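Biologist: Please take me through this model and state the criterion behind each term that you apply.

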Amino acid sequence: MTVHANIPPLFRNASFENFNTRPDNPVANRALSHAVTVANSFAREYGYGAKSQGLLFIGDPGTGKTHLAVAVIKRLIQRGFQAVFFDYQNLLERIRSSYDPASGTGDRGAYRTALDCEVLLLDDLGAHRVTDWVEDTVTSLITHRYNNNKAIITTTNLRDPEGGDAPIPGGLQSDVSGRYYLTERIGLRARSRLFEMCRTISTRGVEDYRIRKGREAAQR
Ligand SMILES: Nc1ncnc2c1ncn2[C@@H]1O[C@H](COP(=O)(O)OP(=O)(O)OP(=O)(O)O)[C@@H](O)[C@H]1O
Ligand SMILES: [Mg+2]
């Protein structure tokens, strides 16, 4: 079976080389340089020993999480490993439709690939309203990969104290401004496995690159 990397067109050119670590901004530079160092060493060392079975990128929108995650899988593919990109929402929709006999567009292949491919990039984890089905599905996916020692690279906007986000008194529940915590969207069991498998890379506090580009374009 040929497995395609599935990288969306917008990210086909994303690489370490064209990632800007914002030397003009000390706060962003510190976070982004650290992100590049950790991501780069994962891409270089993956396959030698099993120190870390993945990466968890955590941070606000537009801070380069998907860009760096794609840069990592492109390197791994160059090194001969099989890596596949899945958008979390899209994957869940494809799995759901595969269980719906009426839809006729069953797509079990996507789920099997996500379960068994060598390296899975799961983009925008938790970007879906929670139902028991969603929580069960993501838990089985992550548990399967965990039990089989298969790497996962994932990105999320959701907050988590383990990712350096401020803990909130009273437990892991969304704060008054409605920002969700990872555990609320994927459940405690999936979260627990993810933190054991992955090194965490936080881009929290970095300025949104899309908004910055838009502003610069408007000034020209
Ligand atoms: N530091 C950077 N250098 C170069 N390009 C960047 C950088 N940060 C982001 N970009 C570009 O900006 C766009 C948004 O970045 P990206 O999609 O990686 O953000 P994200 O953190 O995944 O956001 P979201 O949480 O909304 O998915 C992409 O086109 C990406 O290539
Ligand atoms: Mg993204």
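Modeller: The largest share of the shell around ligand 1, three residues, comes from α2. This is a predicted model, in which local features need pLDDT of at least 70 and side-chain atom pairs count only at pLDDT 80 or more, while totals for chains, interfaces and linings use all residues. Residues are numbered from 1 along each chain as its sequence is written, and chains are lettered from A and ligands numbered from 1 in the order in which they are written.

Biologist: Which residues around ligand 1 come nearest?

Modeller: Of the 19 residues there, Pro61, Gly64, Thr66, His67 and Tyr209 come nearest; a residue is near a molecule if its C-beta atom, placed from the backbone, lies within 6 Å of it. Both α2 (65–78) and α8 (209–219) supply at least two residues of the shell; helices (H or I, at least four residues) and strands (E, at least two) are DSSP runs, numbered from the N terminus.

Biologist: Which residues of helix α4 are called buried?

Modeller: In α4 (residues 108–116) they are Ala110, Tyr111 and Ala114. A residue is buried if 20 or more other C-beta atoms lie within 10 Å of its own, exposed if 12 or fewer, and partly exposed in between.

Biologist: What puts these residues on the same side of α4?

Modeller: They cover an arc of only 95 degrees around the axis, and are therefore on the same side of α4; the arc is that of the directions from the helix axis to the C-beta atoms. The face turned away from this buried side carries the exposed residues Arg108, Gly109 and Arg112.
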